[in-house]
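Please examine the sequence and the model shown below. The paragraphs that follow lead through selected features of the fold.

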Amino acid sequence: MTLDTAALTALDRAHIIHPYLPGSATERVIMTDGAGCRLTDSEGRGYLDATGGLWLAQIGHGRTELADIAHEQMKKLEYFTSFWEFSNEPAIALASRLASLAPDPLNHVYFTSGGSEGNEAAIKMARYYHHRRGESSRTWILARSKAYHGIGYGGGSATGFPVYHEGFAPMMPHVSHLTPPWPYRSELYGDQPLSPEQVTDFLVRELEERIAEIGPENIAAMIGEPIMGVGGMLVPPADYWPRVREVLDQHGILLIFDEVVTAYGRVGEWFAAQYFGVTPDIIVTAKGITSGYIPLGALMVADHVAEVLLRDHGFPMGYTYNGHPVATAVAAANLDIIEKEGLLARATSMGAHLHGELQAQLGDLPIVGEIRSVGMMLAVELVQDRTTRAPLPLNPERMPHDVIRRETGVIVRDSAHSLVLSPPLIMTEGEAKEVASALRSVLERTEPNGEIRGA
């Protein structure tokens with residue numbers, strides 16, 4: 001029996017708890033079909049997906065090749081555990097492939113079902129690594145304000161937004177948050193605007209002081225997104241990560257890169273670690289590993305960490321779906337498409353093109369403070385005044401991204417007073433122009449007080 005939109009909406013409201021959606025909200029957008037960068041809802045309305053769902057639709061929607069792979073693998077072996085000595089061919093093949101793509105010596109893989117699970121595992125790995133080496137006092141985790149590391153208790157505690165802690169306390173102890181690398185927000189670093197190199201100087205000095213305050217013998221790891229996604233696509237100065245890595249190495253502190261968003265072509269490389277020229281000890285990935293066609297995550301673990309974790313009885317934690325054969329088979333096919341269609345290079349070229357379209361169509365608007373991007377990660381930061389750079393006030397009932405979707409069908413995301421874009425890597429130049437035009441049509445009517453004329 002086929003239900004109409006009204007009936008589906010009623011059932012949805014009666015039974016589904018949506019993240020971040022209050023029970024009083026009546027609107028539902030019920031997607032039914034997808035192809036490329038396009039989506040269709042239950043009323044037949046079309047949309048242009050400029051967010052990749054949640055930063056992950058690398059190869060676009062509706063690729064039947066992945067459905068066929070999943071079907072064939074399910075017929076052969078749908079599931080068996082990967083605990084203990086058990087394994088399966090797709091998981092082994094994918095792990096070997098990932099090791100060949102990751103920076104050396106990240107040659108070991110620990111599978112999860114997604115990013116939140118991955119960050120939980122990474123934090124436990126870091127603490128357990130030091131424990132196994134006789135340094136059980138190393139329990140502290142360094143993170144940053146404006147960071148997002150998922151919603152588990154470990155990753156959620158490392159997340160640097162108070163809204164994700166409120167009502168869930170007490171959070172995991174021994175987590176310390178540092179200032180984020182956000183050169184546009186010079187007020188974070190004092191009264192005077194700083195060059196990118198001076199911003200790095202400030203942040204490295206803060207890091208050294210925090211390490212001295214806590215005691216290096218008490219710190220297990222620092223976790224960070226190479227580019228901070230939920231924080232508003234915050235791109236650090238070029239020398240930031242190499243200098244942070246150098247300081248951590250001096251004190252035996254592990255570096256965890258949360259690449260749940262940035263891996264698998266999003267920044268024009270397989271991993272953002274390669275983009276920044278830094279090799280962390282652990283890389284957490286998910287999302288783009290399957291382009292969202294099935295849940296999967298994978299941690300890349302350096303040889304020296306894996307050797308310690310694998311001693312004695314091994315690493316004592318696992319998830320039911322570790323190394324799921326269908327998910328790993330789909331991931332391998334997804335990586336094939338990324339490679340064969342040259343989507344890493346396309347992310348760089350199309351990202352630059354989309355940035356240019358945004359600059360051309362939005363650069364003259366007084367509420368547009370900065371447009372920043374790396375590959376197919378872009379942000380338009382909104383301000384009420386370009387001189388003071390005060391953030392644009394937002395009306396929860398008429399948010400710019402909601403008005404853009406309702407009026408134009410282009411889906412973008414609000415994040416920390418920025419409109420963020422992370423489209424499929426297959427986006428065309430025509431679609432890039434459509435996205436920029438959609439933003440222009442709403443932002444040119446947006447007043448410095450956040451009100452949108454005619455909305």
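**From a buried arginine to the cores and salt bridges**

Arg 63 lies in the loop between helix 2 (52–55) and helix 3. The model is a predicted one. With a relative accessibility of 14%, Arg 63 counts as buried, because the cut-off for that class is under 20%. Contacts of Arg 63, leaving aside residues up to four places away in sequence, are made with Tyr 293, Ile 337 and Glu 341. Arg 63 and Gly 36 are separated by 27 residues in sequence, and their C-alpha atoms are 7.9 Å apart in space.

Four bridges join strand 1 to strand 2 (residues 38–41) in the antiparallel sense, and Asp 33 has Thr 40 of strand 2 as its bridge partner.

Glu 431 is buried at 11% relative accessible area, whereas Arg 38 is partly exposed at 33%. A second salt bridge, between Arg 132 and Asp 312, has an N to O distance of 4.0 Å. Arg 132 is in helix 5 (residues 115–132) and Asp 312 in the loop between helix 10 (303–309) and helix 11, so the pair ties together parts 180 residues apart in sequence. Here Arg 132 counts as buried, at 15% relative accessibility, and Asp 312 as exposed, at 71%. The whole structure holds 30 salt bridges.

Nonpolar side chains tend to be buried together in soluble globular proteins. In this model the largest nonpolar core has 107 residues, of which Tyr 264, Phe 271 and Leu 439 touch the most other members. Helix 11 (residues 325–340) supplies the largest share of this core, eight residues. Apart from it lies another core of 31 residues, among them Ile 123, Ala 158, Val 175 and Leu 299.

Leu 77, Phe 80, Trp 84 and Phe 86 make a nonpolar surface patch of about 450 Å².

Key: Residues numbered from 1 in each chain as written. Predicted model: local features only at pLDDT ≥ 70, side-chain atom pairs only at ≥ 80, totals over all residues. Heavy atoms only, no water. Patch = residues over 30% accessible without salt bridge, like charges linked within 9 Å, V, L, I, M, F, W, Y side chains within 5 Å. Areas by Shrake-Rupley, 256 points an atom, 1.4 Å probe, with all protein chains shown as cover. Salt bridge = Lys/Arg side-chain N within 4 Å of Asp/Glu carboxyl O. Core = buried A, V, L, I, M, F, W, Y, C linked by side-chain atoms within 4.5 Å. Buried < 20%, exposed > 50% of the residue type's maximum accessible area, 1.4 Å probe, protein only. Helix = DSSP H or I, 4+ residues; strand = E, 2+ residues; numbered from the N terminus. Pairing = 2+ DSSP bridges. Contact = heavy atoms within 4.5 Å.
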